[in-house]
Amino acid sequence: MVGEQPMCPPQLLLRGWGPVLLSQCLSSVFSQIPDPELLPTDPPKKPDPITSETVVFWGLRLWQVIGIFSMFALAVVITLCCIFKCRIPRTKKEIEARHAQRQAAKKYANTLETVPPLNELTEIPGLPDASAVQTVSEQVQAQSANSSHPSVLSVGEEQPSSLSLPETE
């Protein structure tokens with residue numbers, strides 16, 4: 001009996017194989033049950049289509065944001081054109097008309113330089129002193145100083161004028 005191995009009774013052998021077979025069956029059954037995380041779910045909701053009434057940010061709608069941006073861009077373009085004097089293409093006729101207008105303005109400015117000053121133009125020939133001539137307002141003030149009540153002229157009356165021009169013959 002030295003080399004003999006002990007023999008298990010067949011009942012014990014069947015009992016040992018029972019749990020193994022049971023675990024094998026259970027593992028095959030459980031492998032067929034899907035994982036809840038992997039189960040198909042409802043497809044994700046499609047985002048709303050973007051329209052002109054879609055609120056973009058700060059409570060502004062899309063058309064308002066586009067309008068503000070385009071006004072800003074237009075202001076930048078106009079400012080740059082004014083600063084750098086961008087030229088808009090014109091016809092040959094418009095260019096020649098503008099050149100003629102500039103020449104006429106230059107000629108007029110040169111003519112104005114040759115016109116005598118205003119005080120030389122208002123001198124009356126034959127009078128020794130230009131300050132001796134009274135203006136209408138000075139005449140009215142002189143009359144009101146002479147009489148406390150201003151005289152009312154009728155239509156037919158003539159007031160003698162203290163300002164008389166010398167007659168030329």
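## The salt bridge

Arg61 has a relative accessible area of 33%, so it is partly exposed. Buried means under 20% relative accessible area, exposed over 50%, and partly exposed in between (1.4 Å probe, protein chains only). This is a predicted model: local features need pLDDT of at least 70, side-chain atom pairs count only at pLDDT 80 or more, and totals for chains, interfaces and linings use all residues. Residues are numbered from 1 along each chain as its sequence is written, and side-chain values use heavy atoms, with hydrogens and water left out.

Arg61 forms a salt bridge with Glu53. Their closest N and O atoms are 2.7 Å apart. The term requires a side-chain nitrogen of Lys or Arg within 4 Å of a carboxyl oxygen of Asp or Glu. Glu53 is partly exposed, at 46% relative accessibility. The whole structure holds 1 salt bridge.

## The aromatic pair

The structure holds 1 aromatic pair. Phe57 and Trp58 form it, edge-to-face, at 5.1 Å centre to centre and 85° between the planes. Rings of Phe, Tyr and Trp (its six-membered ring) pair if their centres lie within 6.5 Å; planes under 30 degrees apart count as stacked, over 60 as edge-to-face and the rest as tilted.

Trp58 is exposed, with a relative accessible area of 78%. Phe57 counts as partly exposed, at 38%.

## The annotated span

UniProt lists residues 62-84 as "transmembrane region", in an unreviewed entry. Its positions follow the numbering used here, feature names are shortened, and annotations may be inferred rather than shown by experiment.

In the model, residues 62-84 are 100% helix and 0% strand. Helices (H or I, at least four residues) and strands (E, at least two) are DSSP runs, numbered from the N terminus. The end C-alpha atoms of the span lie 33 Å apart.
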